[in-house]
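Subject: Structure for your review

Hello,

Here is the structure I said I would pass on. My notes follow below it.

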Amino acid sequence: MAETFFAPLWKQRAYNERMRPTISALEIRFRGFDPADVTQFLEALAEDLEEMARELDELERENGRLREENNRHRDTEATLKETLLLAQRSADSLREASEKDAGRIVGEAEAKADRMVQQSFARMADTEKKIRELRMERKNFQLKLQSTIDLFQQVLNFDKEEDELESSISIHRPKKREGETA
C-alpha cells in the first residue's frame, strides 16, 4: 500500500516548471520499504540534485554575465551622463561666448554709428557754412556787379548828357589852316 502511494511520484520524476522535484518530505523520510524502491528513489533524487546543481551553475554563470552586462550598461550610462553634461557645459559656454561677442559687436557697431552720425553732422555743418559763405559771396558779387552796372550807367548817362550839352552849345573855333597843328 505504501508503495502505491509513493512510487508513482518519484518513479515518474514529476517536476514543476522550474525543474524542482515534486517529491515531498514525507516521501523522503519513509524507511523499511523495499530497498530496491529506496535505491531507485535515491538514484532519482541524486539525478535531480545533479540536474539542480547543473542548473544552479548555469544560473550562477548567467547571473554573473548579466551582472557584468548590467555593470557595462551602468558604466555606459555614467559615460553618457558625463558626455551630456560636458555637451551642456560646452553649449552654455559657447552661448555665453556668442552673447559676449554679439554684445561686443553691437557695441562696436553702435560706437561706429555714433561716430558716423557725428561726422555726418560735422560735414553737414561744414556744408551749411560753405553754402552760407557762397550765398554771401554771391550777394557781394551781385552788389558789386550792380554797383559796376550803376557806375557804367552813370558814365553812360554823363557821356550822353555831355553829348547833348555839346550839341546844344556851338563852339566857334577858327578853322584850321593848312599846316597848322592843334
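This is a predicted model: local features need pLDDT of at least 70, side-chain atom pairs count only at pLDDT 80 or more; totals for chains, interfaces and linings use all residues.

Residues are numbered from 1 along each chain as its sequence is written, and side-chain values use heavy atoms, with hydrogens and water left out.

Salt bridges around arginine 95

Aspartate 92 forms a salt bridge with arginine 95, at 3.3 Å from N to O. The term stands for a side-chain nitrogen of Lys or Arg within 4 Å of a carboxyl oxygen of Asp or Glu. The two residues are three positions apart in helix α3, so about one helical turn separates aspartate 92 from arginine 95. Arginine 95 is partly exposed, at 43% relative accessible area. Arginine 95 also has a salt bridge to glutamate 99, where the closest N and O atoms are 3.7 Å apart. Here the spacing is four residues in helix α3, again about one helical turn. Glutamate 99 is partly exposed, at 48% relative accessibility. As background, side chains of opposite charge can pair when their charged atoms come close.

Salt bridges around arginine 65

Glutamate 62 and arginine 65 are joined by a salt bridge whose closest N and O atoms are 2.5 Å apart. These two lie three residues apart in helix α3, which means that about one helical turn separates them. Both count as partly exposed: arginine 65 has 40% relative accessibility, and glutamate 62 has 32%. Salt bridges link Glu62, Arg65 and Glu69 in a network. The search of the whole structure gives eight salt bridges.

The chain as a whole

The chain has three helices and zero strands, and its elements run α-α-α from the N terminus. Helices (H or I, at least four residues) and strands (E, at least two) are DSSP runs, numbered from the N terminus. Helix α3 covers residues 35-168. Of the 182 residues, 6% count as buried. Among contacts (heavy atoms within 4.5 Å) with a separation of 6 or more, 56% are between residues 24 or more positions apart. The accessible surface is about 16,500 Å², and carbon and sulfur atoms account for 56% of that surface. Accessible areas come from the Shrake-Rupley method with a 1.4 Å probe, and for residues only the protein chains shown count as cover.

Surface patches

Patches are made of residues with over 30% relative accessible area and no salt bridge; like charges are joined within 9 Å, and nonpolar side chains (Val, Leu, Ile, Met, Phe, Trp, Tyr) within 5 Å. A patch of negative charge on the surface holds Asp159, Glu161, Asp163, Glu164 and Glu166. One of these, glutamate 161, sits in helix α3 and counts as exposed, at 51% relative accessibility. Val117, Phe121 and Met124 make a nonpolar surface patch of about 280 Å². Valine 117 belongs to helix α3 and is partly exposed, with a relative accessible area of 40%.

Regards

Notes: Buried means under 20% relative accessible area, exposed over 50%, partly exposed in between (1.4 Å probe, protein chains only). Lys and Arg count as positive and Asp and Glu as negative; His and the chain ends are not counted. The place of a charge is taken as NZ of Lys, CZ of Arg, CG of Asp or CD of Glu.
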